[in-house]
Amino acid sequence: MSLRRVGILLSKEFRHGSKSFIFIIAIVMPLVLSFVLSMVFGTLFSEKPKLGVSDEGDSQITQMVIQSDSIIGREYDSADALRNAVEDGAVDMGIVLPADFDNLVIQGEMAEITAYVWGESLAKNRVVLGATVANMIRDVAGQEVPVEIATTTLGDAESIPWNNRLLPLIVLMAIVFGGIMVPATSLVDEKQKRTLSALAITPASLGEIFLSKGLVGVIVSTVMGVLILVLNQAFGAQTPLLIGMLVLGAVMASTFGIMLGVFAKDVTSLFATNKAIGILYYAPAFVYMFPDIPQWIGRIFPTYYVVQPVVEISQQGGTWSDVALEAFILIGLILIMIGIVGILARRTAQREALA
Amino acid sequence: MAGDAIVAEDLTYRYDELVAVDHISFKVAEGEILGFLGPNGAGKSTTVKVLTGQLQPREGQAIVLGIDIARDPEKVQAQIGVCFEITNLYEKMSAEENLKLFARLFGVPRFDAGALLARVGLAGRERDRVEEYSKGMKQRLMVARALVNRPRILFLDEPTDGLDPASAENIRKVILEERQRGATVFLTTHDMMEADKLSDRVGFINQGKIVALDTPHNLKQQYGKRALRAQVTSPDGGLESREITMDKPETAGAVQELFGREKVVTIHSEEASLEDIFINITGRGLTE
Ligand SMILES: Nc1ncnc2c1ncn2[C@@H]1O[C@H](COP(=O)(O)OP(=O)(O)OP(=O)(O)O)[C@@H](O)[C@H]1O
Ligand SMILES: [Mg+2]
């Protein structure tokens with residue numbers, strides 16, 4: 001394995017493969033979907049999360065909320081008014097600060113606040129608001145203090161907002177389509193045009209050729225995954241972890257793409273195969289979309305282990321410990337697939353098929 | 001060391017049931033040009049593919065540049081150049097980009113694409129995309145690509161196929177230049193004149209078996225028939241043709257008789273050609 005040759009092949013893929021139809025589709029399609037989604041559900045470049053405050057005393061937190069740049073703050077005269085505002089979705093979350101709140105936290109005593117959450121608010125907004133409030137309390141207290149937040153969900157709690165439901169699908173499409181189809185079509189195209197046999201008689205090995213094509217898929221797929229999450233303002237707080245999970249997802253998709261490319265004789269049969277099994281890639285996303293489906297069904301599909309951590313981190317404020325199990329399963333799946341590709345690359349029949 | 005560049009022993013390749021190369025054994029010396037001739041489907045291209053590590057021998061072995069090609073194809077491939085029978089260039093790239101890509105993969109330092117393209121008669125078209133090339137231009141680029149790594153052995157599968165006479169002659173010149181540089185050349189062709197002119201030795205393959213392998217001169221001696229062809233006036237005043245086989249005990253008598261009996265208008269000797277031998281060997285002769 002020579003990294004120099006992989007680099008040469010990689011730059012060739014980018015300079016000459018990037019004009020291919022599939023490459024362009026892989027980039028354009030998730031963007032178009034995101035825009036369509038945002039037109040329908042109005043989430044793209046959506047507003048900042050909105051926090052309502054009803055202050056029974058004279059807390060500094062109220063001022064902090066109203067002056068904050070990262071959220072939109074509104075003050076309400078009474079707890080009832082706040083409640084109504086949350087119920088209507090005028091704010092995503094509302095907190096009721098008791099009269100002596102600041103003193104209590106400064107003294108380090110257990111304080112209690114009531115919080116209302118709008119049932120249809122975006123999960124990521126709840127995460128941001130929760131974290132913001134916790135930070136503010138710490139700033140006022142000058143220390144970590146125990147605060148009890150009694151949360152009540154108002155409005156239709158069961159109704160997960162549609163763009164939360166659709167985001168997994170779009171993320172999967174961004175990762176899976178480019179990750180699988182960019183390497184697969186590039187490989188099949190070179191088989192059909194026989195340029196692969198020309199590469200194969202240079203010192204470059206099939207393994208190096210597969211790796212370079214797989215890397216193109218990984219890069220395209222990761223970039224698209226990041227872009228889609230950023231565009232949908234669903235990046236969450238754990239940036240490196242999230243990118244790490246996207247990269248793993250991209251690696252799995254690209255390795256599978258190489259496998260498809262190895263077995264497909266021509267572009268037509270590649271597309272037919274992809275169409276036939278494509279539903280399996282997106283199945284976990286459909287499970288998310290319909291909460292009535294038993295959610296464990298998603299776990300049957302390998303892509304679940306990509307999308308679940310991404311959703312967990314970006315939407316529910318998950319951290320490493322929340323996604324570690326899925327991540328390890330994903331890594332296991334990837335290792336198995338890379339092993340298979342490695343064997344394929346060394347197989348005589350595989351080399352001979354090119355001659 | 002003027003050793004053997006290629007040593008094939010009992011080399012055999014089968015496509016499923018079909019035996020395409022059938023226990024062939026031969027050697028090609030370093031610096032030699034071996035012409036490899038045979039009818040369509042004889043197994044020429046398959047032999048090239050086995051010798052260049054594209055196909056794995058089913059039986060026997062091929063030692064190329066001292067290395068068992070089945071064991072370490074990549075090490076051999078770094079030192080050889082292959083011109084494929086079927087054009088397989090990156091059509092969306094320019095000629096120059098095609099060559100540069102392969103030069104980089106071979107790790108050639110200070111590669112001069114322009115000079116190489118000029119050698120095959122493509123100067124001035126370096127930057128054009130290959131898809132805009134004519135068939136013959138692509139073929140010449142194929143030959144150029146086989147040369148990027150200054151190979152020790154050149155495998156050329158019908159390199160002048162589809163070229164006009166001048167371009168074909170130019171490619172022959174390039175082949176001779178490469179030999180001059182020290183390269184060994186394994187050349188398949190259907191052009192008998194070309195094989196005769198270029199090859200130090202010629203091998204005939206038919207149905208996967210090597211049926212003759214020698215210098216063109218010896219082959220002609222062995223299989224070819226030289227003849228005297230004369231035109232004589234016939235009794236009714238027209239012209240008739242007479243042929244006398246040469247190099248036979250009765251040749252001298254036949255010539256005397258011709259001049260004694262007939263009115264000879266013209267006479268010339270016909271040299272045996274590889275073409276005759278080819279037909280002799282593959283058509284009627286050895287294989288029946
Ligand atoms: N990929 C393949 N699969 C199955 N059989 C093949 C394949 N390639 C060649 N053959 C068979 O192997 C035999 C030898 O073919 P090969 O291409 O080596 O002949 P050749 O001497 O190069 O012929 P030509 O002069 O037409 O180029 C033929 O019978 C051919 O049908
Ligand atoms: Mg052939």
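Predicted model: local features only at pLDDT ≥ 70, side-chain atom pairs only at ≥ 80, totals over all residues.

Mentor: Residues are numbered from 1 along each chain as its sequence is written, chains are lettered from A and ligands numbered from 1 in the order in which they are written, and side-chain values use heavy atoms, with hydrogens and water left out.

Trainee: Which protein donors does the magnesium ion (ligand 2) have?
Mentor: They are B:Ser45 (OG) and B:Glu85 (OE), 1.9 to 2.3 Å from the ion. Donors are N, O and S atoms within 2.8 Å of the metal (3.2 Å for Na, K and Ca); water is not among the atoms, so sites may look incomplete.

Trainee: Is B:Ser45 buried or exposed?
Mentor: B:Ser45 counts as buried because its relative accessibility is 13%. Buried means under 20% relative accessible area, exposed over 50%, partly exposed in between (1.4 Å probe, protein chains only). B:Glu85, at 37%, counts as partly exposed.

Trainee: On to ligand 1. How many residues surround it?
Mentor: 14 residues do, with B:Gly41 and B:Lys44 among the closest; the cut-off is a heavy atom within 4 Å.

Trainee: What lies 2.7 Å from an oxygen atom of ligand 1?
Mentor: A polar side-chain atom of B:Lys44. For B:Gly41, a backbone N or O atom lies 2.8 Å from an oxygen atom of ligand 1.

Conventions
Polar contact = N/O pair within 3.5 Å; in protein donor to acceptor, adjacent residues only side chain to side chain.
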